[in-house]
Amino acid sequence: MNRLKMILNQIVSVMRKSKGNKNSFILFFDIILCALLYGASPNNYYYYGFVHLNHKQRKTYVTNRLSCKIIKKFNDQSYIDNFERKEIFNQKFSKYIARAFLFLGNYTDKDFDEFYESVKDDKQVIYKPSSTAQGQGIEVLHFDNKQQLSEKIKNLHSDAVLEQWIKQNEQIKEIYDKSVNCIRIISLFNDNKTYILAANITFGKNGSEIANASLDNVVCIPDINTGIIKSDARDLSGREHKAHPDTGFVFKGYKIPYWDDIISMVQQASRVVPNVGYIG
């Protein structure tokens with residue numbers, strides 16, 4: 001009953017945000033039809049822009065139902081902690097992370113001293129709860145000295161990691177410099193080959209220090225072959241942005257730096273835990 005209520009609330013929310021595109025009666029049944037035919041959740045319907053697509057186009061999207069089928073087929077759940085526990089992920093993929101980190105659930109004074117030596121010049125670190133997603137609980141911790149950082153982490157939940165602040169590419173920084181603007185790539189590793197399925201890039205806005213789509217920041221879609229942004233940005237509320245709302249930077253047509261290197265790294269990293277093939 002609660003699940004049905006949640007789904008109905010999502011449908012009503014999508015209908016409000018899609019108001020003006022179709023008659024409300026038709027829109028309601030179109031959302032239901034897409035759930036039955038394509039396994040699209042109401043949020044899939046909205047964020048994929050199904051209201052504007054025909055049957056042939058809708059069939060090309062990885063909806064919730066298809067995603068669950070792919071996960072069941074390609075992801076061995078006994079290996080999933082390699083991705084869902086950040087301290088395990090950081091250890092497993094340390095070659096690709098290439099930055100210092102500290103697991104607060106189990107560290108020595110020596111571990112903290114070594115971590116501090118790596119981060120002291122940055123004057124800030126990222127605090128991430130170990131098993132949350134969508135940016136939940138992430139904080140930027142600012143400090144002036146070792147004692148101050150030590151005191152700050154004493155007041156935080158220990159099931160978390162501290163990570164060295166990422167120095168962002170200068171070109172990307174020009175678009176928005178308050179957060180680390182994140183690229184997400186969805187890949188599938190199968191039969192010793194990596195397939196790049198989709199990608200997006202999220203930019204912070206309004207002074208936010210965390211760039212995450214779930215936090216109502218802005219998201220663009222790059223072409224997976226070229227790294228050239230092919231869409232305007234959209235935020236969680238459905239508002240479209242041709243340019244960054246803070247800096248005025250026009251998104252469409254911008255080529256993300258080092259795109260070929262990014263794809264190459266994903267292809268290499270996808271082989272580290274081959275038992276989990278569908279990642280991103």
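**Stop 1: helix α9**

Start by selecting residues 109-119, which make up helix α9 in this predicted model. Now colour its buried residues: Phe112, Phe115, Tyr116 and Val119. Look down the axis of the helix and you'll find that they cover an arc of only 100 degrees, which puts them on the same side of α9.

What do the buried residues of α9 pack against? Show β1 (101-103), β2 (124-129), α10 (146-154) and β4 (160-164), and you have the answer.

**Stop 2: Gln164, in one of those strands**

Stay in the area and click on Gln164, which is found in strand β4. Is Gln164 buried or exposed? Its relative accessible area is 16%, and buried means under 20%, so Gln164 counts as buried.

Leave aside the neighbours within four places in sequence, and Gln164 is in contact with Arg99, Ala100, Phe115, Ser118, Val119 and Asp122.

**Stop 3: aromatic pairs**

Time to look at rings. A pair of aromatic rings is described by the distance of the centres and the angle of the planes. How many aromatic pairs does a search of the whole structure find? It turns up 14.

Pick out Tyr38 and Phe50 as one example: their centres are 6.0 Å apart with 85 degrees between the planes, an edge-to-face pair. This pair links distant parts of the chain, twelve residues apart. Tyr38 belongs to helix α2 (residues 24-38), while Phe50 sits in the loop between α3 (42-47) and α4 (55-58). Both residues are buried.

Next, go back to α9 and select Tyr116 together with Phe143. Here the ring centres are 5.9 Å apart and the planes meet at 50 degrees, so this pair is tilted. Again, distant parts of the chain are linked: Tyr116 is in helix α9 and Phe143 is in the loop between β3 (139-142) and α10, 27 residues apart. Tyr116 is buried at 9% relative accessible area, and Phe143 counts as buried too, at 1%.

**Stop 4**

Then show Tyr46 and Arg234. Where does Arg234 lie relative to Tyr46? Over the face of its ring, at 5.5 Å from the ring centre.

**Stop 5: the second largest pocket**

Which element gives the largest share of the lining? That's α1 (2-17), with five residues. Both α1 and α2 supply at least two residues each.

**Stop 6: Ile201**

Finish at Ile201, in strand β6 (residues 193-203). It counts as buried, at 0% relative accessibility.

What else does Ile201 touch, not counting residues up to four places away in sequence? Besides Ile183, select Ile172, Cys182, Val218, Val219, Cys220, Pro222, Ile229 and Ile256 to see its contacts.

Definitions and conventions. Residues numbered from 1 in each chain as written. Predicted model: local features only at pLDDT ≥ 70, side-chain atom pairs only at ≥ 80, totals over all residues. Heavy atoms only, no water. Buried < 20%, exposed > 50% of the residue type's maximum accessible area, 1.4 Å probe, protein only. Helix = DSSP H or I, 4+ residues; strand = E, 2+ residues; numbered from the N terminus. Arc of directions from axis to C-beta. Contact = heavy atoms within 4.5 Å. Phe/Tyr/Trp six-rings, centres within 6.5 Å; stacked < 30°, edge-to-face > 60°. Lys NZ or Arg CZ within 6 Å of the ring centre and 35° of its normal.
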